[in-house]
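Here are a few exercises to work through with the model open in your viewer. Try each one before you read the solution.

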Amino acid sequence: MRHVILGTAGHIDHGKSALVMALTGIDPDRLKEEKERGITIDLGFADLRYDLLTVGIVDVPGHERLIKNMLAGAGGIDLVLFAIAADEGVMPQSREHLAICNLLGIRTGIVAVTKTDIVEPDIVEVVVEEVRDFVKGTFLEGAPIVPVSSKSGHNIDELKKQIQETALGTVVKSSDGIFRLPIDRVFTLKGFGTVVTGTAISGSIKVDDAVEILPSGIKTKVRGLHSHNHVVKSGIAGQRVAVNLQGVDKDAIKRGDVVVHCETIAATDRLDAKIQLLKNAQPLKNRSSVHLHIGTSETTARVIVHRVEKLMPGESAFCQLRLKQPVIAMAGDRFIIRRLSPVDTIGGGIVIDPTPPARRKKADDSFFELYLTGSLSSRLAEKIKGAALKGIPKQKLYAWAAEDITAIDKAIETLKKNGLITEANEQLFHMSYINKLHEDIISNLKIYHNKNRLHSGMSKEELRGLFKQIDAKVFYKILNAFNEVIADKELIRLKDFRPSLSQTDESIKIKILEMLRTSQYQPPSRQELAAAFSIKEKQAEDILKLLAKEDLLVRINDSLYMDKGDYEKMIGIVREFGKDRKEITVSEFREILGTTRRYALPFLEYLDGKKITMRVGDKRKILLAC
């Protein structure tokens, strides 16, 4: 079944609701006040069914004071049925409605010249010609013009045929993207609870799905679904859908909210966009405030115009919209802007980036043009690049691009294959930033090695601290992919780096080894070695660590090192002692080594750590096998 949404448009009292009634047998005027006054005040809904085609009809009010209600129903429209009464012809709201349809990107429709039963045939012909002039240069130029009478039924069947033909020629909304249902009505039904309705503009939904109401963030579950008064198990893009929500109070939801699947998209309070002013609009100064209508929501926005201080009538420009309240939007969404006072439509536009940075001072028009007209791959690559070293997950791209998820996945894989992006820890990165990160890491390691020739490497945390803008887990995962870099426990070094000593340090190294071997089980501390050779403690520490790494010394603690040969002799002495006795006191240990308590205690603590001995009260149990 193909699903298409048709919206009515036209001046007040030009017979839109009567036309819907004649076409469908459904009265879209549901409010008591609407029936009493004979005009549509709020949105009305009906449907027209054909073989394998359902046309959902959104009947909108025509009165200029009710334009915002009209805008709430216009967002999901695929084609427009434009009503112009034969007894009045083109009127002010006819022009405003047509301008709005143009700005919203509606690309097809039909014009119905209504009320032909109350004028002479030659008047109908005059109005038809007036309509042709009226629609020149708009999407309705060349569209079918059908004179009808809702009262007599004249040409209603012909209009139905034209609607069918036109609807079959429209592009079907995709059900492969993120589900979005901008809410246009909220009500309660006895025994069911809260119900919201709207036109699904992308994706699909089914009974029992977990959903979220944005921007409030209310999470709930789908109890049931209806479409055109029929119970359904699922709803898809292009359908009018009524969603019965579980456990949500009616007053917690309002028109303008959006139903989505949980954790799929987030609200935004700024939009990069391209705006177009109507030819009859007043000039728009930079940083002016306007009413913004997008989806079914309405808020106010400050317009930060790019590169100009004033936008003149009929002109277009790139801008950033700073919103008073958050909205749910994706790239490619259309919107309308209206003056604050007097409230009239002055223009509209298209969302380029729903999650932009606060400012783009250095961006030129080519940057925005790429986002607006570039291929999906190029747009995704630029968005990923804009995330810099923060990276961006696929989910955010699904919620950004307003494209099929399968198409986005395919484009991402192509970008990976071509070496333009990479993925780490489920985050996507542009290779220009990864390459720069690589260069910066190599550079910083070279600087560190040059300054610390005796160090085996830079600590992980010290290196990480230089790149705080990137998540730690992502940083280490990317780091491990760099072939020139070696991670050795908690140290990072360049692959071709080896600790080395200067000629002076080499001489001191030999003297330290000689002193430690001579002193045997009463080795001088690091501080004493530094004093003995008139060097800084840090220099002595670096030499000692290097000797330990070369397996010439054993590190007992931060201050104390022992010759490797002497250490092995000490193990032999303990083993020999253990042949006759399984325990040893500190005094006994001190005596068999010929050392003092100052050294015996740290030696034993080291042996405890190596599980050669184990402290039990004041004694040590000898664990070493004989």
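**Exercise 1: a tyrosine pair**

Tyr567 and Tyr606 are both buried. This is a predicted model, so keep that in mind throughout.

Task: work out how the rings of Tyr567 and Tyr606 are arranged, stacked or edge-to-face.

Solution. Start with the count: there are nine aromatic pairs in the structure. For Tyr567 and Tyr606, the ring centres sit 5.8 Å apart and the planes make an angle of 80°. Planes over 60 degrees apart count as edge-to-face, so that is the label for this pair. Now place the two residues: Tyr567 belongs to helix α17 (residues 564–577) and Tyr606 to helix α19 (residues 597–609). They are 39 residues apart, so the pair links distant parts of the chain.

**Exercise 2: a phenylalanine pair**

Task: classify the pair formed by Phe467 and Phe475.

Solution. Take the distance first: 5.8 Å centre to centre. Next, the angle between the planes is 25°. Planes under 30 degrees apart count as stacked, and that is what Phe467 and Phe475 are.

**Exercise 3: overall form**

Task: compare the protein's radius of gyration with that of a compact globule of 626 residues.

Solution. The globule would come out near 25 Å, but the protein has 38 Å. Then look at the C-alpha trace, which spans about 130 × 55 × 40 Å along its principal axes. Even so, buried residues make up 51% of the 626.

Notes:
Residues numbered from 1 in each chain as written. Predicted model: local features only at pLDDT ≥ 70, side-chain atom pairs only at ≥ 80, totals over all residues. Heavy atoms only, no water. Rg over C-alpha atoms; globule rule 2.2 N^0.38 Å. Buried < 20%, exposed > 50% of the residue type's maximum accessible area, 1.4 Å probe, protein only. Phe/Tyr/Trp six-rings, centres within 6.5 Å; stacked < 30°, edge-to-face > 60°. Helix = DSSP H or I, 4+ residues; strand = E, 2+ residues; numbered from the N terminus.
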